[in-house]
Amino acid sequence: MQISVKINGKRYEHDIEPRISLAQYLRETLNLTGTHIGCDTSGCGACTVHVDGAAAKACTLLAVQVDGCEMTTIEGMANGNEMHPIQEAFKEHHGLQCGFCTPGMVMTAADIIKNNPNPSEEEIRHGLEGNFCRCTGYHNIVKSIQHAADKINA
Amino acid sequence: METYIGKPVKRREDNRFLKGAGKYTDDIKLMGMTQAAFVRSPYAHAKIISVDTSAAQVAEGVVAVYTANDGCGAFGVPCGWQVDFKNGETMREPMHPLLAKDKINHVGEAVAIVIAETLELARDAAELVHVKYDVLPAVTCPKKAMEPDAPKVHDQWEDNAAFDWCIGNDRADVEAALASAHHVTEMIYKNHRVAPNAIEPRSYIADYDVNADKHTLYTSTQNPHLIRLLLCAFVLGIPEHKVRIVSYDVGGGFGSKIYHYTEEALLTWAAKEIGRPIKWTSDRTEAFLTDAHGRDHIVNSKMGFDKDGKIVAHLTDEFCAMGAYLSTFAPAVPTYLHGTLFQGVYTTPLIHLNVIAPFTHTVPVDAYRGAGRPEATYLLERIISKAAKEMDMDPAELRFKNFIPPFDGVSEPGYQTQVALQYDSGNYEGVLKRGLEMIGYEDFRKEQAEARKNGKLLGVGISTYIEGCGIAPSAVVGSLGARAGLFEVGHVRVQPTGKVQVLTGSHSHGQGHETVFAQFVADQLGIPMDDIQIEHGDTDQVAFGMGTYGSRSLAVGGSAIVKSVEKILEKGAKIAAHKLEAAEEDLEYAEGKWTVKGTDKSISFGDVSLTAYVPHDYPEGLEPGLDFSSFYDPTNFTYPFGTHIAVVEVCPETGKVDIKRFVACDDVGNVMNPMIVDGQIHGGVVQ
């Protein structure tokens with residue numbers, strides 16, 4: 001099927017098999033390998049991207065479902081070498097270790113802050129329920145998001 | 001001059017991870033790369049009657065389908081640790097085939113591999129492989145596996161035991177002490193099986209270059225050199241110099257990526273057969289079914305106390321599952337990584353642990369997060385808390401009565417345990433005291449009494465632990481059955497411009513080596529961190545290594561690097577002395593330069609480096625270049641210890657546990673980067 005999408009500000013047109021997931025399309029067709037696949041079943045959130053401004057799990061969306069959509073992936077968050085304030089905050093507060101869940105965490109964090117510019121710790125933890133991290137114990141991820149929210153609001 | 005050790009230096013690896021630019025194995029694409037899918041058994045125990053691959057062979061996009069009847073059927077992956085029976089009989093080591101031939105021994109065991117142009121086509125074709133099974137009764141419990149009528153995992157032996165083993169004092173002495181003890185506390189429980197679940201599934205790409213006759217395996221491993229050694233010398237019989245293992249970024253391991261897996265060897269073999277690269281990435285279901293699990297012990301333990309609450313003896317019998325086959329380090333886990341920690345932090349005078357390690361029809365087990373040692377701590381801390389309750393004593397008080405008194409290991413010797421180890425230094429009462437202060441123990445007891453009046457269930461759990469880390473002296477582990485040395489390699493290559501490349505055999509998969517190793521090399525050389533690059537994970541770059549596990553990267557891998565830097569400075573001093581026309585002993589090295597003591601005559605590290613590579617005016621007889629590699633083999637384990645305390649509330653109606661407060665008070669030794677230390681502890685506590 002023919003799809004037309006805008007990803008990280010760039011327009012793409014592809015003829016794509018209907019069974020291909022959005023995550024596979026991003027990784028295999030567009031070489032946007034920052035979107036990771038950790039579970040294939042919406043459980044871990046490593047594949048989180050933004051579809052028309054809202055966080056979505058790319059492993060359980062078909063590429064054909066996002067025809068006509070505008071998307072942002074982790075590769076679209078930084079402005080060249082200048083990192084997004086959320087990325088800066090994760091670095092500053094050690095919100096990552098092995099880095100595999102990190103793209104999904106950053107994308108979900110952006111969604112949390114977008115919907116709630118001043119999230120409490122509890123609200124952040126609730127917002128992260130769909131994103132698994134096996135390394136950090138979440139403590140510094142929550143801290144990073146709190147600091148990122150402060151910075152974005154400042 | 002800026003120094004780095006002890007400072008919360010931000011991690012250099014974060015830039016690529018945060019931008020989604022990490023290079024995990026599944027992110028790599030090679031020209032002409034194919035994709036593999038496996039046909040796996042849905043049964044735990046079954047005879048394979050037939051495997052029909054004819055439909056798959058001709059399916060769209062299929063490049064090859066292999067079963068155990070093809071050339072790969074001759075190969076199996078080995079075990080790297082031998083623990084023999086107490087009676088001297090050799091450990092039973094079944095062939096762990098790359099693909100099952102006649103019999104299935106666990107759910108998820110692979111029967112066939114399908115290689116196709118795309119992942120989707122490989123999976124489609126895998127569904128066309130028809131396997132006929134004769135399903136047999138299975139045994140999944142390690143205790144039941146030792147019952148006389150238990151189904152057998154491997155038919156060639158009379159029962160399911162892989163080995164049995166014991167450690168400590170004479171069993172009869174321990175039993176006698178228990179018989180005359182004032183009080184005996186008993187615990188019978190299961191330390192259940194766990195699935196490690198690193199967030200990045202295992203992923204491999206095998207590539208064969210026919211012209212160079214060279215294999216490359218990209219693999220998500222904690223242990224690239226060991227994989228090369230096992231793959232070459234013990235599985236496929238390929239000369240080691242004809243194989244390159246590459247493990248760039250790895251998305252967490254927690255033990256599960258230490259081992260050599262069947263898929264690594266099978267892909268390497270098949271890539272040569274088809275003459276094209278092959279990728280396989282596990283999905284999450286396959287990860288549950290094939291990544292080595294942890295634990296699965298059935299424990300029966302007795303601890304005896306005198307009337308004052310002093311421990312007089314401790315006797316434990318365990319059935320510890322090995323799973324269907326022996327994974328790389330599986331036999332070490334319930335034995336040398338477990339029994340040797342049965343002293344814990346207590347003066348227990350008599351200890352005996354007996355382990356029976358049976359095969360079961362389950363995924364093989366191996367080391368997971370601490371491996372064997374947390375299982376020992378769990379037992380000791382639970383049984384002591386239970387004993388305190390039974391004897392109506394405060395659980396902290398009972399611990400204080402039994403702690404090994406503080407010792408520094410310098411002015412007095414280390415502490416010799418009943419179970420083979422000599423602890424380096426410790427202050428166990430110190431960490432418990434501090435932990436109790438942090439949690440507010442005295443106030444907690446009042447709070448608890450108040451809560452109980454109101455029908456709330458508020459409780460406290462205390463754990464004071466010790467671990468054997470920095471694994472390990474090669475001679476010691478060799479005498480305990482390890483089939484490998486456990487040294488580490490650190491190579492420091494100074495470039496002519498004074499920039500430094502450090503190649504380490506330690507593998508980083510979240511620990512932050514690229515930052516921490518550069519911190520101490522920068523301080524040792526007195527140069528900026530930006531002048532230092534840390535490389536790991538490529539066997540063609542790093543001469544050798546034993547990988548990352550057992551809390552060994554900094555203690556063992558870091559020490560190897562330090563040794564090489566010392567050699568650099570020693571040689572550099574000779575060059576500096578020549579250039580400064582001074583005696584070596586008149587020089588001192590600080591802030592990146594050699595200075596003639598008491599003068600302002602000096603030469604920088606960069607100038608000495610350049611001289612080493614442009615040796616026109618150079619000390620006679622000295623080799624050019626500044627490039628040293630060192631092997632470091634530790635003399636003992638390291639023994640970190642600490643106290644963790646949790647205050648929890650349990651809902652009487654639903655049983656839901658709510659953690660109210662948690663404190664961790666750990667001896668972590670000298671801190672290189674406090675930010676990273678905190679992060680590691682947070683992660684360990686939560687996982």
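## Interface of chains A and B

The contact draws 40 residues from chain B and 41 residues from chain A. The model is predicted. Between them, chain B and chain A bury about 3400 Å², and 53% of this area lies on carbon and sulfur atoms. Three residues, B:Leu18, B:Lys19 and B:Ile199, account for 23% of the area that chain B buries against chain A, more than any other three residues.

Polar interactions also cross this interface. There are 22 residue pairs in polar contact between chain B and chain A, with both residues at pLDDT 80 or more. On the side of chain B that touches chain A, the elements giving two or more residues are α1 (14–18), α3 (119–126) and α16 (674–686) of chain B. Of these, α16(B) gives the most, with 7 residues. By residue type, the side of chain B that touches chain A divides into 15 nonpolar, 12 polar and 13 charged residues.

## Salt bridges

Over all chains, a search of the whole structure finds 44 salt bridges. Across the interface of chain B and chain A, the rule finds 4 salt bridges. The table gives two salt bridges by name.

| Salt bridge | N to O distance |
|---|---|
| B:Lys29 and A:Glu28 | 3.9 Å |
| B:Glu158 and B:Arg92 | 3.3 Å |

The salt bridge of B:Lys29 is formed with a residue of chain A, A:Glu28. In the other entry, the side chains of B:Glu158 and B:Arg92 meet. B:Glu158 lies in the loop between β6 (130–135) and β7 (161–168) of chain B, while B:Arg92 lies in the loop between β3 (62–67) and β4 (103–104) of chain B, so the pair ties together parts that are 66 residues apart in sequence.

## Helices α8 and α9 of chain B

Within chain B, helix α8 (residues 373–390) packs against helix α9 (residues 395–402) at an angle of about 115 degrees, and their axes are 8 Å apart. The crossing of α8(B) and α9(B) is right-handed. From α8(B), the residues B:Glu381, B:Ile384, B:Ser385, B:Ala387 and B:Ala388 take part in the contact, and they meet B:Pro395, B:Leu398 and B:Arg399 of α9(B). The residues of this contact comprise 5 nonpolar, 1 polar and 2 charged.

Notes
Residues numbered from 1 in each chain as written. Chains lettered and ligands numbered in written order. Predicted model: local features only at pLDDT ≥ 70, side-chain atom pairs only at ≥ 80, totals over all residues. Heavy atoms only, no water. Axes fitted to C-alpha atoms, helices over the stretch in contact; angles between N-to-C directions. Helix = DSSP H or I, 4+ residues; strand = E, 2+ residues; numbered from the N terminus. Left-handed = near helix turned anticlockwise from the far one by under 90°. Contact = heavy atoms within 4.5 Å. Nonpolar A, V, L, I, M, F, W, Y, C, P; charged D, E, K, R; others polar. Buried area = accessible area lost by both parts, 1.4 Å probe. Polar contact = N/O pair within 3.5 Å; in protein donor to acceptor, adjacent residues only side chain to side chain.
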